[in-house]
Amino acid sequence: MIIAVDGPAASGKGTIARALAAHYHLPHLDTGLLYRAVGVSTARAGLNPDDAAEAAASINLDDALLADPELRSEAAGALASRVSKHPAVRAALLSYQQDFARQPGGAVLDGRDIGTVIAPKAEAKLFVTAAPEVRAKRRHLEDSHADYAAILADIRARDARDSSRSAAPLRQAEDADLLDTSDLTIAAAVQRAIALVEARIRR
Ligand code: C5P
């Protein structure tokens with residue numbers, strides 16, 4: 001079974017995807033990490049993340065880079081969002097993600113375009129969202145030294161960039177179930193996600 005989990009930054013999609021993977025004993029791929037790796041290697045090489053050829057030339061998915069804690073930073077998220085608009089970058093990451101999805105038994109993938117582009121035939125698709133203010137508050141709780149207003153502005157900018165790009169924009173697949181986590185605890189959101197997947201696979 002393939003489960004696609006899409007949604008904007010800090011919506012809870014990563015936590016939900018990990019919980020679904022544990023519940024169904026499936027491997028999990030955080031596809032945002034791949035774009036973060038490309039963004040960080042472009043910047044480290046002194047290349048321009050807004051230039052398609054320079055970003056595509058920096059594709060590096062080795063395990064050491066994917067495990068680098070710097071990839072989790074807000075700066076890496078912003079770099080990822082800049083390199084991810086280039087069709088050449090997206091195309092270069094496509095087979096890695098599709099090979100992961102197609103492994104025997106299936107997988108859980110989370111990202112922005114899993115249900116629309118990477119695995120359009122996924123058995124279950126969730127589009128996880130939350131109000132921008134709630135998402136900014138979650139990020140602020142993780143790092144209280146950061147400025148709330150700056151986090152909110154970054155989240156809004158990233159949403160706008162991810163939703164308006166022409167290559168695989170962030171959008172809910174027509175056959176995806178919407179899960180708004182604004183007013184849910186993590187446990188309640190996970191419970192709801194499992195219920196939605198169960199309803200899909202019973203259909
Ligand atoms: O999910 P995460 O915050 O790690 O994603 C970082 C950025 O990578 C996103 O803002 C988005 O621009 C890009 N991304 C994407 N497609 C995916 C996953 C992430 O374009 N499947």
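I take a polar contact to be a pair of N or O atoms within 3.5 Å. The model I am working from is predicted.

Entry one, the ligand. A polar side-chain atom of Arg 112 lies 2.8 Å from an oxygen atom of the ligand. For Arg 158 I again read 2.8 Å between a polar side-chain atom and a ligand oxygen. Arg 90 has a side-chain N or O atom 2.8 Å from an oxygen atom of the ligand. I then noted that the protein covers 97% of the 460 Å² of accessible area that the ligand has on its own. I listed 15 residues around the ligand, Arg 36 and Asp 162 being among the closest.

Entry two, the helix pair. How far apart are the axes of H2 and H5? I read 7 Å, with a packing angle of about 95° between H2 (residues 32-44) and H5 (residues 74-83). H2 is therefore roughly perpendicular to H5, since angles of 65 to 115 degrees count as such. In the contact, H2 contributes residues including Tyr 35, Arg 36 and Val 40, and H5 contributes residues including Ala 76, Leu 79 and Val 83. I sorted the contact residues into 8 nonpolar, 3 polar and 1 charged.

Note on methods:
Residues are numbered from 1 along each chain as its sequence is written. This is a predicted model: local features need pLDDT of at least 70, side-chain atom pairs count only at pLDDT 80 or more; totals for chains, interfaces and linings use all residues. Side-chain values use heavy atoms; hydrogens and water are left out. Axes are lines fitted to C-alpha atoms, for helices over the stretch in contact, and angles run from 0 to 180 degrees between N-to-C directions. Helices (H or I, at least four residues) and strands (E, at least two) are DSSP runs, numbered from the N terminus. Angles under 35 degrees count as roughly parallel, over 145 as roughly antiparallel, 65 to 115 as roughly perpendicular and the rest as oblique. Contact means heavy atoms within 4.5 Å. Ala, Val, Leu, Ile, Met, Phe, Trp, Tyr, Cys and Pro count as nonpolar, Asp, Glu, Lys and Arg as charged, and the others, Gly among them, as polar. A residue is near a molecule or strand if one of its heavy atoms lies within 4 Å of it. A polar contact is a pair of N or O atoms within 3.5 Å; within protein, one must be able to donate a hydrogen and the other to accept it, and residues adjacent in sequence count only if both atoms are side-chain atoms. Accessible areas come from the Shrake-Rupley method with a 1.4 Å probe; for residues, only the protein chains shown count as cover.
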